[in-house]
Amino acid sequence: MAAALLEPALLRRLESLALLVRRAVSGQMGGERRSRRRGQSVEFADFRNYTPGDDFRLIDWNAYARLDRFMLRLFVAEEELPLNLFLDMSGSMDWGTPNKAATARRLAGAIAYVALAALDRVRLTVFAEGPTSGGAPYRGRRAAAELFARLQSFPTGGVTNYEKLVWPIGRQRPGMSVLISDGLGQPSIDPALMALQRAQQEGAVLQLLAPQEIALDWSGDARLKDAETGLEREFTATPLTQASYVRALTQRTDEIERAAHRRGLRFARLSTAEPIDQMVQITLRQIGLLG
Amino acid sequence: MSFLAPAAAVLALTLPAILALYFLKIRRPTRIVPALHLWPDQIRDRQANVPWQRLRPSWLLFLQLLAAGVLVAAAVQPVLPARAALARHSIVLLDASASMQATDVTPSRLGDAKRQVNALIDQLGPQDRMTIIAVASSARIVASATGDRDTLHRAVNGVIASNGAADLSAALAMAAGLVRAGDDARAYLFSDGIVQPLRASFAAGLPFPVEYHRVGVSGENVGLTSLTVRTGAQSRAAYLHVQNFGQQTRSVSVEWRADNHLLDVRPLSLQAGQAQDLVLPVPSDATSVTARLAAGDIFGLDDAATAVARTPRAFRVLLVTAGNVFLEQALRLRTDLQVDVIASAAYRPSATYALTVFDRFSPPVMPDGPYLMVDPPAGSALAGRQPVGIGRVRAVDAGDPLLANVDLQDVHVARSQDLRNSTFGRPLISSLQTPLVLVRDEPFRQVLFGFDLHESDLPLRIAFPILVQNLSEWMLPPSVPSHSFHPAEPVTIVPEPGATTVTVIRPDGSRRSLATASIATFADTDLTGLYTVEQSIAGKVQRSWFSVNLFSDPISQLKPPDRLTLPPTRTTAVQATHPGQLEIWPWIALAALTIVTAEWLAFHRGL
C-alpha cells in the first residue's frame with residue numbers, strides 16, 4: 001500500500017530528511033526531539049535540589065559528597081514531535097493534471113514519512129466542509145503503511161470551510177502543523193491560521209495548485225462550473241479576462257502568504273507539475289520546513 | 001450629394017445580419033474550474049449557433065455595426081459637388097516651359113500646376129473624359145480623352161519642365177484638332193502666362209472656351225540675357241548682359257570661368273529693372289566662357305550662360321566681278337569668310353573655293369558647288385529673257401528663313417531680266433512682272449539674282465547685308481555653328497568631308513551619334529550649356545562646340561500676367577457645363593479601415 005503512494009526509492013531518500021522545529025517541543029512519548037522538559041538522555045541540562053518523589057536514580061552523589069545536599073542531575077529530555085497534517089480534500093482539490101488531491105496525498109505522505117522515520121507522532125486531519133480525523137496518531141516507521149492507506153481512503157468533495165478547522169486545531173498540543181490546500185475556498189483561510197498560532201503550532205501552509213489554473217491553457221467561450229459549489233457562469237476567455245483571472249489568483253496567493261507569515265508560519269506555493277521529490281528536497285527545504 | 005453606385009446600398013443588409021448574429025445564443029462548452037469566484041464576470045458573444053438570447057450591449061456590436069455602415073457608405077461612392085465647371089471633354093493645357101521651373105510657389109510653378117490638374121482630375125464624373133497636353137517648345141499629348149483617373153494622374157505626374165518657351169499656339173491647334181463639331185469641350189490652361197505670341201490664325205476663334213488658371217506670383221529675378229565672345233585684332237573679350245527684372249534692388253555677383261577655370265568674380269548691384277553690361281578679357285586659348293550668377297533667386301535657368309570662344313573655321317569665297325563694292329563688303333561682314341576678288345578675265349575654275357560669286361559674268365562651265373549668280377550676261381545659260389521694268393518688290397513667302405529680318409518695304413529695282421520661264425529654282429523675291437531672285441537646293445545650294453545690283457537701291461538698304469548673310473549661311477553653313485542657340489532649337493551640323501563618325505556630347509555628358517552622310521539636324525538641345533561635336537576624320541578627332549542658353553527676356557521677366565489674351569470661342573453650341581464631382585469614398589473607406597482596426601483591437605483586448 002505504501003508503495004502505491006510513494007515509491008521505495010523516494011522513501012529511502014526521505015529517511016535522510018528531518019522536520020525542522022524552531023523551538024523545543026513537548027510530546028507524550030520519548031523521541032528524538034529536544035523537549036522543554038528535563039528527562040532522560042545523555043545531554044546534561046542543569047542541577048536542582050532534590051524534592052521527595054524525585055527519581056533518586058538521578059541524585060548526583062558526587063555533589064552530595066561535596067555539598068552534603070541531595071542534588072539532582074537534570075538531562076535534556078528527548079521527546080517525540082507532534083506533527084499535525086491538515087489536508088484539504090474539498091471538491092476543488094479533485095482537479096487538474098496531475099490531480100491536486102492525489103498530489104496532496106503524496107505530499108502529505110512524504111512529510112508524514114519524514115516524521116515517522118524520526119519517531120515523531122503524526123496526526124492526520126482531512127477537511128472539506130468539516131474536519132475528519134485520520135484516526136489515532138501514527139508513530140514509527142511501521143505505521144507508515146497504515147497512514148498511507150488512510151490517506152488514500154479519503155474521498156474528495158464538498159465546499160472548503162476553513163473555519164471548521166478552528167476547533168480541531170485548538171485541541172492540539174503545541175507542535176508542528178502542516179496545512180496542505182489549494183487555498184481557493186471562498187471564505188478566508190485566516191481563521192484557521194489564527195487557530196494554529198493560538199495552539200502554538202509552528203509549521204507551514206502549502207498551497208497546491210495545478211498548472212492549468214496557474215496559466216490558462218484555453219480561450220474562447222465557455223460555461224464555467226465551480227468544482228465545489230456547482231454554480232455556473234458564462235465566460236469568454238480573452239487576453240483581457242485571462243489576465244484578470246491570473247491577477248485574482250495571484251492576489252489570493254499573496255493574501256495567504258501574508259496571513260501565514262503574520263501567524264509565524266512558513267508558506268510555499270507548489271505546482272502539481274513538480275515531482276514530489278523536488279517539492280520535498282528543494283521547496284520545503286528552502287522554506288525551512290525540512291532539513 | 002449624389003451617389004455613383006447606389007446599387008451598392010443593398011450591402012446595408014449586412015447590418016441586420018450582424019445584429020441577428022448577436023441575438024443568437026452561444027453554445028458554450030462546460031468547463032469545471034476549482035474556484036469560480038476568481039473568474040471575472042465578463043462575457044462576450046463571439047459565435048452564435050443556437051437561438052435566441054436577449055441582446056446585450058456590446059462595444060464589439062457597436063463597432064461592427066459602425067464599420068459595416070461606413071463600408072456601405074463607401075461602397076455607394078458618394079460624391080460632393082465641386083467648384084470646377086467641367087465639360088464632358090476637358091482639355092488640360094499644362095504649361096511645362098522653362099518659366100514653369102520658377103520656385104516662387106512651392107515646390108515650383110509646374111508642381112503647383114500639377115497639383116491643380118490633379119485636383120481637377122479628381123472632380124471628373126464617370127462620363128467625363130480628359131485630354132492632357134504638355135505645352136513646351138512643342139506640344140505633346142500625354143493623355144488622350146480618357147476618364148481613367150489613374151492614367152491621368154500618372155500622365156500629369158510624369159510631365160517634366162523643359163527649358164524651352166511655351167508654344168501655346170501649337171497646343172491650341174492640337175487641342176482644336178481633338179474636338180469635333182458639337183462636342184461639349186472646354187480647355188483649361190494651367191500656366192504662368194509666359195507663352196510665345198499666339199499666331200494670327202487663331203483670330204477666328206476656337207471650337208471650345210479656354211480658361212486661364214494662373215500659376216506663379218512673383219517676377220523677382222535677375223538673369224543673364226546675352227553672352228557673346230568677340231575677337232578683335234589684338235584680343236578677345238566676352239560681353240555679358242545682366243538684368244534685374246524684379247521690382248527690388250538686388251546685389252549679386254558674377255562668376256566668370258574659362259574652360260571651368262575661375263577667371264574673376266565681380267559683385268554687382270542692380271536697381272529695379274536695371275541692366276548692366278560686363279566685359280571680360282578672354283584667354284586666347286580658351287574654348288568656352290561661362291558666366292554664372294550667384295543670385296539665389298526663384299529662377300535658376302538664366303543664372304548661367306555659356307559662349308564658345310573659339311573662332312569658326314574660315315571658308316574661302318571667290319568674287320568674280322568687274323567691281324561691286326556692295327557685294328564685296330556684304331560678304332566680308334561675315335568673319336568666317338575669306339573673300340578673294342578677281343576680274344572675270346582672271347577667273348579659272350578652282351576647287352579651293354567653297355563658294356563662288358559671279359557678278360555680271362558667267363563662265364563657260366558653271367562650278368560644281370554653291371554659287372551666287374548676279375545678273376548673268378545675256379546669252380549665258382542662266383540668263384533670262386529681255387529685261388523688264390519692275391515695280392513693287394515683295395517676298396514670295398514672308399516666313400521664308402532666307403528672308404528673316406529682311407525688310408523689302410523700301411526696296412526698288414529699276415529693271416530685271418525676265419525670269420518667269422527660268423527653270424533655275426523656286427522664287428525667293430519677286431515682283432508683279434517677274435521673279436527677281438531664284439534659289440535651288442539641288443544639285444548644290446545656288447542663288448540667281450535677275451537684276452544688276454547697281455540698278456536697284458537694295459544695296460543701300462540694311463536688308464542687303466542681311467540678305468547676303470542669310471544666303472551665304474544657307475549656301476555655306478558652318479560645319480558646326482558656334483553661336484548660342486535657344487533650348488530645343490534645332491542645330492544644323494554639316495559633317496566635315498571624310499568624317500567617319502559625328503558625335504554630339506551634351507552638357508550632361510550623354511552622347512548622341514549623327515549620320516555622317518548628310519547634313520544633320522540636331523534637335524536634342526533642351527539642356528542649356530556647352531555642346532561638343534566630335535568628328536573622326538582619318539583617325540583624328542576634331543572637336544567643335546556650340547552653346548545653348550535661355551537668353552529670353554520674356555521668360556526671364558517671370559512675372560505672370562493677370563490676364564492672358566486667348567482666342568475667342570467659335571461655336572454656336574451651348575456650352576453645357578456641369579459641376580465637377582468630388583469623390584469622398586476614399587476618406588470614408590479610410591474611416592472604415594480605422595473602425596475595423598479598432599474593432600480588431602477591441603476583440604483581442606476582450607472589450
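In what sense do strand β4 and strand β5 of chain B pair, parallel or antiparallel, and over how many bridges?

Modeller: Before the answer, a word on what you're looking at. This is a predicted model, so local features need pLDDT of at least 70 and side-chain atom pairs count only at pLDDT 80 or more, while totals for chains, interfaces and linings use all residues. Residues are numbered from 1 along each chain as its sequence is written, and chains are lettered from A and ligands numbered from 1 in the order in which they are written.

Now to your strands: β4 (residues 89-95) and β5 (residues 129-135) of chain B pair in the parallel sense, over 7 bridges. Strands here are DSSP runs of E, at least two residues long, and helices are runs of H or I of at least four, numbered from the N terminus. Two strands pair if DSSP finds at least two bridges between them. For one bridge you can look up, take B:Ser90, whose partner in β5(B) is B:Met130.

Both strands belong to an open sheet of 5 strands in chain B, with the order β6-β5-β4-β7-β8 and mixed pairing. At the edges sit β6 (139-146) and β8 (210-214) of chain B, each pairing on one side only. From one strand to the next, the twist averages 15°; angles like this run from 0 to 180 degrees between N-to-C directions, with axes fitted to C-alpha atoms, for helices over the stretch in contact.

Next, the helices. Helix α3 (residues 109-122) of chain B packs on the sheet and touches β4, β5, β7 (185-191) and β8 of chain B. Its direction makes about 170° with that of β4(B). Touching goes by contact: two residues are in contact if their C-beta atoms, placed from the backbone, lie within 7 Å. Helix α4 (residues 149-157) of chain B lies across β4, β5 and β6 of chain B, and runs at about 170° to β6(B).
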